[in-house]
Structure formats: structure tokens, C-alpha cells
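Please read this briefing with the sequence and the structure side by side, and look up each element as it is named. The points are grouped by topic.

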Amino acid sequence: MKNSPSLDDQVEMYRKMILVRRLEEAFGALSKEGKTRGPIHRCDGQEAVGVAATAMLGADDYLTSTHRGHAHYVGKGVDLHGIAAEILGRSTGLCGGRAGHMLVADVEKGMIGGNAIVGAGIPAATGMALSNQVLGNDRVAMTIFGDGASQTGIWHESLNMAALWKLPVVYVLEHNEYGLTVHSSRQGPTEDLSTRAAAYGIPTAIVDGNDAIAVYRAVAEMVDRARRGEGPGFVECKTYRWEGFSTSDMGGYQDPETIAEWKKRDPIEIARAALSGHIEDAKLDVVRTQAEEEVQAAMARALADPLPEFEECAYTRPYSEVL
Amino acid sequence: MAKLRYAEALNTALREEMTRDPSVFLFGEDIGTYGGVFKVSKGLMEEFGEIRVRDTPISEQALTAMAVTAAMTGTRPVLEIMYADFLPLSLDALINQASIYEYIWKEQVQMPFVLRTQGGGGAGAGAQHSKALDALVAHIPGLQVVAPVTPSDARGLLKAAIRDPRPVIFLEHKLLYNTRGEVDLEDEGLIEIGKARTVTEGTDVSIFATSKMVIEAEKAATLLAADGISAEVIDLRSLRPLDAAAIQLSVAKTNHAVVVNEGWKFCGYAAEISATIMELCFDDLDAPVARVTLPDMPVPYSQPLEDAVLPNAEKIAAAARATLG
């Protein structure tokens with residue numbers, strides 16, 4: 001099938017989803033022990049979207065993300081230890097501990113970046129696509145955002161301009177049913193939010209967001225179109241947020257039965273099932289074990305890394321000659 | 001030397017920079033086919049094409065956010081926000097995006113964009129189209145804010161702003177566009193951001209003014225001269241970074257200071273300058289710093305009402321006389 005991931009691509013997506021899941025679990029545990037700072041927004045159960053939507057992008061392509069971006073970071077090829085160290089506020093973090101878990105950026109990998117103002121990643125990627133068009137290059141910009149962000153005004157402003165100017169941008173909606181603690185059905189009357197994108201004349205697709213292969217196929221088609229100069233695309237990935245809004249969420253508003261139903265459709269297990277019959281179980285077990293060890297090593301190293309020291313810079317001097 | 005209108009000087013600067021650097025592009029409402037509501041971009045779409053000079057929908061919030069990230073990824077956008085009164089729509093992109101990334105991302109990115117806008121009253125445009133919101137943008141670390149008064153400064157500062165590696169908010173005034181002044185087109189004419197301009201030298205009182213208020217301050221200096229008072233008028237020109245050295249030098253000479261800004265008084269731009277003078281020049285001051293600003297109220301529409309609230313030469317002269325005792 002056109003735009004299908006190769007077996008190697010599938011194994012890599014499987015591996016990256018495990019990296020993300022183990023990372024989320026490690027941070028969940030550390031948070032319970034009081035060893036993290038600030039809220040952490042876990043994406044357990046949603047890994048297929050971030051990992052598969054970014055799998056066909058190059059480092060030259062741009063990605064903007066959200067406050068729940070760990071799968072996006074890993075999908076875009078950002079170094080795991082650099083992510084873990086940033087989340088732990090270490091000097092070895094990708095941003096030296098200045099950014100924290102919601103704002104990770106790695107420009108060399110085209111990950112620019114996390115964004116904790118809900119919806120702000122959408123015009124951000126649209127602006128990058130505008131830049132690509134002005135410069136006449138063949139880079140594509142992608143933004144991954146949620147159903148909560150889809151209720152913002154900048155969502156509409158951005159999609160309108162992207163469609164009007166045929167900008168090379170791909171909008172990936174990671175529809176996890178919740179914006180903050182409020183279910184999407186109580187945030188807007190539109191069940192399939194991609195119908196709003198269609199109203200701007202943007203090609204859309206709705207896929208099972210827990211099926212990495214389905215996400216990959218739909219997004220790859222939109223990326224190809226955008227790269228050919230045919231304008232933006234929009235893929236709505238239906239998934240579900242297993243954990244709460246953040247590690248500071250006290251819960252009580254998500255139905256346990258619904259969560260249990262979704263957990264039966266674990267994107268990692270779906271990816272594994274798709275590979276069985278093509279690749280031996282023993283080999284996949286090795287992939288899994290190595291991924292788990294990679295997370296353990298990254299976390300151990302990050303925890304042992306030094307905290308940063310505050311440095312004077314242009315931003316800290318009043319009446320600075322620079323700013 | 002050429003005698004240019006302020007709008008023509010800006011147009012010249014845009015043309016020069018777009019010719020010099022293909023990564024410079026313009027976007028905003030009415031700027032293309034129509035040439036801008038104040039005709040600053042007149043003729044540029046014909047000259048540089050619709051990719052580089054782009055009419056946009058009325059979407060300031062996303063447009064400003066797009067300027068930030070386009071600047072991050074290899075272009076030098078110049079975004080026109082038609083009225084400074086619309087800046088509140090741009091604020092998330094300025095405060096939560098442009099302001100943070102160079103620092104937060106550990107110098108991985110720079111954002112060389114220019115946001116041009118115009119504010120101020122006197123044109124009967126009413127409460128939503130007449131404000132000077134200088135303080136709103138000058139408050140934000142990471143942004144530079146300039147407000148040229150003369151055509152020569154308009155050209156020189158706009159060229160410098162476009163070439164600068166960091167964001168610049170470029171504040172114009174609706175009543176300046178038709179003012180004329182000498183511009184040396186033979187010279188590159190770049191003006192360093194962060195330097196004030198001494199308009200008239202004086203010895204008795206320093207008047208620090210911004211944007212169109214510099215013209216009112218010049219008129220005030222003439223009024224004061226008739227009373228035998230020698231006023232020094234300083235055009236701050238660069239609102240942030242501030243030329244604190246120029247302020248210190250002037251106050252050391254005159255020992256009296258009046259600050260004039262067309263924005264609101266409470267927590268306003270004049271308050272910041274006043275506090276700066278107090279911090280840096282306390283021992284030089286013979287009297288408290290005086291502020292001349294818009295009162296803390298909306299700008300009314302009808303001419304006598306608007307005239308009553310806008311700062312002008314008479315109010316500035318009165319404040320100068322009061323501070324001299």
C-alpha cells in the first residue's frame with residue numbers, strides 16, 4: 001500500500017513507543033516520590049500519534065508540539081538523555097534546564113519546539129511553513145496538537161491562511177478526548193474536529209490514533225502533498241489519555257471502565273501484533289529490552305548530572321546594552 | 001539630500017532592505033494591492049511579488065505568532081499591525097513566544113522580525129484607534145522597541161531593525177506619515193538601536209519625549225525660550241534598550257526633568273523613565289521629575305474632547321515651568 005511504513009520503520013516506531021512509555025512511567029514514579037519539579041503531562045496510550053506522525057519527516061522538517069510532547073520529541077529523533085535531563089532541570093538537558101518538560105527544543109533535529117500555551121504550536125508551524133514558501137525550499141512544517149487546542153481562535157486563523165496560501169504544513173490532531181479535565185463533548189458540538197478543517201478546503205483524514213501504521217499512512221500522504229507544494233493537510237488521530245491532565249491532576253472525572261477499554265487497545269501492543277508473523281518474537285523482545293535499558297540508562301545518567309548554575313546574560317541585566 | 005515624507009522614508013527603507021536581502025518579506029492587512037493604509041508599502045507588491053509582499057486576512061493573533069517562527073527559520077519578516085490598538089491581539093506571540101525562546105532554548109534560535117505599527121491620537125479615530133501602547137511592548141524583556149520621529153530616523157531605524165538579529169517593535173505615529181524631512185539617500189543611513197537623539201540643547205530643563213511628542217516638546221522649548229528658559233529636548237527614539245547615558249548626561253547639566261509620552265500615566269512608559277532618572281540621577285535633581293501623559297482614560301472622539309486629553313506643547317511648557325518652581 002502506498003505510503004506504508006517498511007518493516008524497519010515499524011520496528012523503529014515500536015521501539016520509540018516503548019522508549020516513550022517507559023519514560024512516562026519513570027517520571028510518574030519519580031513524581032510520586034516528590035523528585036520532579038512542576039507538573040508533568042504524560043502521554044501514556046497516545047504514543048502512536050507522536051511517533052508515527054513524525055516517522056517520515058527529515059531533520060530539516062519542522063515540528064511544533066504541545067505541553068504533552070514527549071512522544072513528539074522522541075519521534076522527531078531528539079536524544080533521550082537530553083530530554084530526560086531537561087525534564088529533571090539538569091545542566092546537561094537540551095536547553096540547560098531553562099525550558100523544562102513542556103518547552104523542549106532541539107533545533108538540529110527540527111524540533112522547535114514544545115509549547116505550553118495551548119494552541120500556540122499551530123500558528124508556530126504555520127509561520128515556519130510560510131518561511132519555507134518565501135525561501136522556496138522543500139521543507140515541511142508539522143504541528144501536533146490536541147482537541148483542546150482545536151477550540152482556539154488561532155487554530156482557525158492558521159488553517160485559513162495555510163489553505164489560502166497553500167502552505168507546506170501538516171496539522172496532526174491528537175484527539176485524546178480531554179482538554180484539561182473537560183471532555184471534548186462539553187467543549188464543542190463537533191465530534192470530528194477535522195470537519196472544521198475541511199470547511200477551509202483542506203484535505204482531511206480520520207484514523208485510529210492507536211494504530212501507528214494507520215497514522216503513518218495518512219500523515220505520509222499529507223506530508224507528500226505539502227512537499228509537492230499542494231498545500232496543507234489535516235489528520236485527526238482518535239486516541240485517549242490514560243493518565244490525567246498532569247501529575248498534579250487529582251482525577252475523578254474519567255470513567256474507569258472507559259480507561260480500561262482503551263488500555264485493551266494499547267498502541268504498543270497493536271504495533272507488536274502487526275509485526276508478529278513478519279519478525280520473530282525473540283527479535284522483538286530484544287528490541288523491547290534494549291529500549292527499556294536505554295530509558296533506564298538515560299534516567300540514571302540524567303539523575304546523576306549536575307544542576308545548572310545561574311549565569312548572567314543579556315536577559316538578566318537591567319538597562320542592558322543588548323536588550 | 002532628498003526631502004521625503006515620513007511614509008516615503010519608510011517605503012524607501014523597505015525597498016532597500018528587500019533588494020539587499022531576499023529573506024526579507026512583508027505581510028499584513030491592506031499592505032499589498034492597496035499599498036498600506038498609510039501607503040508605507042506602496043508599489044512594493046508590484047516590485048517584489050505576492051510571495052514577498054502579502055495581503056493577509058484580519059488575523060493579528062496568528063499573524064504575529066507566524067512572524068516569530070518565520071523569523072526562527074531563515075526569513076526576516078516585517079509584519080504590519082495596522083493600529084497599535086490591536087497589539088493586545090499580538091501579545092501572546094510577543095510575551096509567551098518571542099520573548100522567551102532565545103533564552104529558554106539556550107541560544108539555539110534568534111528571531112529577526114520587525115513588527116511595524118502606528119499609534120497615537122489627534123486624528124479623530126476614537127478610543128480603539130488612537131492609543132499609544134508603548135508601555136505594553138516596552139515592558140517585555142527580549143523585545144526592542146523604537147519610535148522614530150524624523151523621516152531620516154524612520155529610514156535608518158527601520159533598516160537597522162530589519163538587519164537586527166532580534167525582534168524589534170517599530171512604533172510609528174499616524175500624524176507623522178505626512179511630515180517631511182531631509183534624508184540622505186546617498187548614505188546607508190543606519191541608526192544604531194539604543195541611542196537617543198538630542199533635538200535641541202539647553203541648560204535649564206531636560207524634556208525627554210517619544211514619537212510625535214518630540215515635536216510637541218520642540219514647540220514647548222520655543223514657548224519656554226520666550227520666557228528665558230533654556231530647554232534641552234531629547235528624543236528617546238529607542239524606547240528599549242534605553243539610552244540611559246544620554247539621560248544622565250542631560251540631567252547632570254539641567255538638574256530638572258520632564259518626561260513626555262502619549263500613553264497612559266499609571267504604570268506607563270513615562271513612569272519607567274521617571275524611575276530611571278530617580279535611580280540614576282537622584283543627586284543631580286533639584287526638583288521631582290514631572291510627567292506629561294495622556295490621562296488614565298479612553299481617548300474621546302470629538303475634537304475638543306480629544307484636544308483636551310492629548311499632551312501638547314502648552315502642557316509640556318507648563319510642566320517645565322512648574323518643575324523650575
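Which residue in β11(B) is the bridge partner of B:Thr198? In this predicted model, the bridge partner of B:Thr198 is B:Ile234, and the strands β9(B) and β11(B), the latter spanning residues 231-235, pair in the antiparallel sense over three bridges.

- The strands β9 and β11 of chain B belong to an open sheet of five strands, which follow one another in the order β9-β11-β10-β13-β14 with mixed pairing.
- At the edges of this sheet stand β9 (197-200) and β14 (290-294) of chain B, each with a single partner strand, so that one side of each is left without a neighbour in the sheet.
- Neighbouring strands of the sheet are turned against each other by 25° on average, if direction is ignored.
- Helix α8 of chain B, residues 213-226, packs on the sheet and touches β9, β10 (205-209), β11 and β13 (257-264) of chain B, while its direction makes about 175° with that of β11(B).
- Helix α9 of chain B, residues 244-254, also packs on the sheet, where it touches β10, β11 and β13 of chain B, and its direction makes about 155° with that of β10(B).

**Strand β5 of chain B**

- Six of the six residues of β5(B), which covers residues 114-119, are buried, so this strand is largely enclosed by the rest of the structure.
- In a regular strand the side chains alternate between the two faces of the sheet.
- Both faces of β5(B) are covered, with B:Val114, B:Arg116 and B:Gln118 buried on one side, and B:Leu115, B:Thr117 and B:Gly119 buried on the other.
- Strand β4 of chain B, residues 76-81, pairs with β5(B) in the parallel sense over four bridges, and B:Glu80 has B:Arg116 in β5(B) as its bridge partner.
- β5(B) also runs parallel to β7(B), to which six bridges join it, and here B:Gln118 stands opposite B:Glu172 in β7(B).

**The two domains of chain B**

- The domain assignment divides chain B into domain 1 (2-183) and domain 2 (197-324), and the centres of these domains, taken over C-alpha atoms, are separated by 26 Å.
- Their contact takes 25 residues from domain 1 of chain B and 24 residues from domain 2 of chain B.
- On the side of domain 1 of chain B that touches domain 2 of chain B, α6 (134-138), β6 (144-146) and β7 (168-173) of chain B each supply at least two residues, and the residues of this side divide into 14 nonpolar, eight polar and three charged.

**Where the chains meet**

- The contact between the chains takes 34 residues from chain A and 36 residues from chain B.
- On the side of chain A that touches chain B, α5 (121-135) and α6 (153-165) of chain A each supply at least two residues, and the largest share, 10 residues, comes from α5(A).
- The residues of this side of chain A divide into 21 nonpolar, 10 polar and three charged.

**Helix α10 of chain A**

- In α10(A), residues 267-275, the residues A:Pro267, A:Ile268, A:Ala271 and A:Arg272 are buried, and because the buried residues fall within an arc of 140° when seen down the axis, they line one face of the helix.
- These buried residues pack against α1 (7-32), α2 (47-53), α8 (212-227) and α11 (281-304) of chain A.
- Just after α10(A), A:Gly277 takes a positive phi of about 95°.

Definitions and conventions
Residues numbered from 1 in each chain as written. Chains lettered and ligands numbered in written order. Predicted model: local features only at pLDDT ≥ 70, side-chain atom pairs only at ≥ 80, totals over all residues. Buried ≥ 20, exposed ≤ 12 C-beta atoms within 10 Å, placed from the backbone. Arc of directions from axis to C-beta. Contact = placed C-beta atoms within 7 Å. Domains from an automatic or database assignment. Nonpolar A, V, L, I, M, F, W, Y, C, P; charged D, E, K, R; others polar. Pairing = 2+ DSSP bridges. Axes fitted to C-alpha atoms, helices over the stretch in contact; angles between N-to-C directions.
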